[in-house]
There are 2 protein chains.
Amino acid sequence: MAHPSSSEPRWKCVCAYDGGHFAGWQSQVSGASVQDAIEARLREMFGREVRIHGSGRTDAGVHALGQVFHFDAHWRHGPEKLLAALRARLPSAIQIKTVCAVTPEFHARFQASGKRYTYRLHLGDADPFTRPYSWPVFRPLDLAAMNAAAAVLRGRHDFRAFTALNGPARVDTVRDLRRLDVRRRGRVIRIIAEADGFLYKMVRSLVGVLVAVGEGKLTVHDVRAILASRQRTAVVQTAPPQGLFLVRVFYRPGRRSTAATTDVDNDE
Amino acid sequence: MAHPSSSEPRWKCVCAYDGGHFAGWQSQVSGASVQDAIEARLREMFGREVRIHGSGRTDAGVHALGQVFHFDAHWRHGPEKLLAALRARLPSAIQIKTVCAVTPEFHARFQASGKRYTYRLHLGDADPFTRPYSWPVFRPLDLAAMNAAAAVLRGRHDFRAFTALNGPARVDTVRDLRRLDVRRRGRVIRIIAEADGFLYKMVRSLVGVLVAVGEGKLTVHDVRAILASRQRTAVVQTAPPQGLFLVRVFYRPGRRSTAATTDVDNDE
């Protein structure tokens, strides 16, 4: 016999949130996560528990401009009215950007074919409007060295040295880092990372290493050695969460991302 | 006999703050204002009460990019070290931007020769990163009409109809509104207001009227009549505080602004 909800229409949502107000996308502490807040609103709307499925988790303090989730529910009106109802009473630190009807084959996590993150650094003390959304760096940074290190890291590699997860060795930690750019505009440096999937705390570990290179603490040669070691050590520091933004989740219709089915794909 | 502090050097400071975290520049509730937070830090540094004098008050929820204040204190080191010490342990929602040594004739309020404010409107629902810093407007706005109304308001006028203060009629409510511009960039509309001084809630009243014109609720002719009436009525709505930024305070060395000595010059 089919699950009661299996015949319900599936909805894909894109949302933004200020991670500084939450204990992450999904939290151990009930009520404190972004997912809890959205599920609480859906409970009000539908009069029952509605579980949402995110493209992956974000850590406490990490922001999103384009997180994706899906849920199943009957809704008599169009997606526009669903969007308006969802927006009506969410905390102001969360915004649902779009709602689309999708086929039951769509899955926000298993069908994700890639993700893009941006990390914001600020050269020197940031003002009160920038502080909650960047990592202040007080030493001068060598952008050319950072870009040279980024070139070493780009491409398909085993990124075991760049994850905080000490999982079993058999877990697949190979990812295709399609993009890793370092761009400066005034006192703001943006590091853009795009891959078919990210390991736990991988973006913040990449940023930590790039900043260490920029400060002259590590060389491009060191970065090559760290990557080849496939071992996480204290040399790789994790950048703080408030500079990180999940910008976009990519989907290819009808194709499942096998990388996203492993336990290590709790994207930060 | 001279006041004990009269021989102490005077320091001029420029600061920024996120007004969403405070009950205004100066508050009835002790400890909740920007001034209280800065004075608490000065008390730690100097081991005694140090009173600061702002260029004017900002209401609860109003932000500042360039508020100015002064205080008197002996300091053995240079302004750079004073700046570093002040920055060291303030709440992250406040940033001291500059510290300068000034002559005892300088007064942050009485010598201010003008101020510039910016008000941010957002066309439609803003994302969680923009919401705390703008007023969302859900109707289309006629920018040309708003600019025509701004032209009526610019210049030297009695702005009694644009202040929330119902003071005695003899109080001087004439101000020189040197600049009132409406500018659009994407979904953000900025209203820039500059004058020799502003009456209580004057900027937010001007914005409320300009938005009413943009929405078609008031005509340019109505605005002319409101200005000429010199009477505050319910037709003039006060825009919410979170869109307002005190951008800059102007000083002309050696000249006192007489307008700033009246009770009504509690700038918002």
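Predicted model: local features only at pLDDT ≥ 70, side-chain atom pairs only at ≥ 80, totals over all residues.

Colleague: How many residues of chain A are in contact with chain B, and what area is buried between the two chains?

Modeller: One begins by counting the residues that touch, and here 21 residues of chain A are in contact with 21 residues of chain B. The area buried between chain A and chain B is about 1,400 Å², and carbon and sulfur atoms give 59% of that area. On the side of chain A, the residues that lose the most area to chain B are Gln95(A), Pro128(A) and Phe129(A), which together make up 42% of what that side buries.

Colleague: Which salt bridge could I look at across this interface?

Modeller: The rule finds two salt bridges across the interface of chain A and chain B. You could look at Arg87(A) and Asp125(B), which form a salt bridge whose closest N and O atoms are 3.4 Å apart. Polar contacts are counted separately, and between chain A and chain B there are 10 residue pairs of that kind. As for the side of chain A that touches chain B, strands β1 (10–17), β3 (63–72) and β4 (94–102) of chain A each supply at least two of its residues, and by type the residues of that side divide into 12 nonpolar, three polar and six charged.

Colleague: What kind of aromatic pair do Phe129(A) and Phe245(B) form, and why does the pair join two chains?

Modeller: For two rings one reads the distance between centres and the angle between planes, and Phe129(A) and Phe245(B) form a tilted pair, 5.6 Å centre to centre with 55 degrees between the planes. The pair joins two chains because Phe129(A) lies in the loop between β5 (112–123) and β6 (135–137) of chain A, whereas Phe245(B) lies in strand β10 (residues 244–251) of chain B. Over all chains the structure holds 24 aromatic pairs.

Colleague: Is Phe129(A) buried or exposed, and what about Phe245(B)?

Modeller: The cut-off for buried is under 20% relative accessible area. Phe129(A), at 14%, is therefore buried, and Phe245(B), at 7%, is buried as well.

Colleague: Where is His107(B), and which residues is it in contact with?

Modeller: His107(B) sits in the loop between β4 (94–102) and β5 (112–123) of chain B, and with a relative accessible area of 16% His107(B) is buried. The side chain of His107(B) reaches the backbone nitrogen of Arg109(B) at 3.1 Å. Leaving aside neighbours within four places in sequence, His107(B) is in contact with His53(B), His70(B), Ala112(B) and Tyr251(B).

Notes: Residues numbered from 1 in each chain as written. Chains lettered and ligands numbered in written order. Heavy atoms only, no water. Contact = heavy atoms within 4.5 Å. Buried area = accessible area lost by both parts, 1.4 Å probe. Salt bridge = Lys/Arg side-chain N within 4 Å of Asp/Glu carboxyl O. Polar contact = N/O pair within 3.5 Å; in protein donor to acceptor, adjacent residues only side chain to side chain. Helix = DSSP H or I, 4+ residues; strand = E, 2+ residues; numbered from the N terminus. Nonpolar A, V, L, I, M, F, W, Y, C, P; charged D, E, K, R; others polar. Phe/Tyr/Trp six-rings, centres within 6.5 Å; stacked < 30°, edge-to-face > 60°. Buried < 20%, exposed > 50% of the residue type's maximum accessible area, 1.4 Å probe, protein only.
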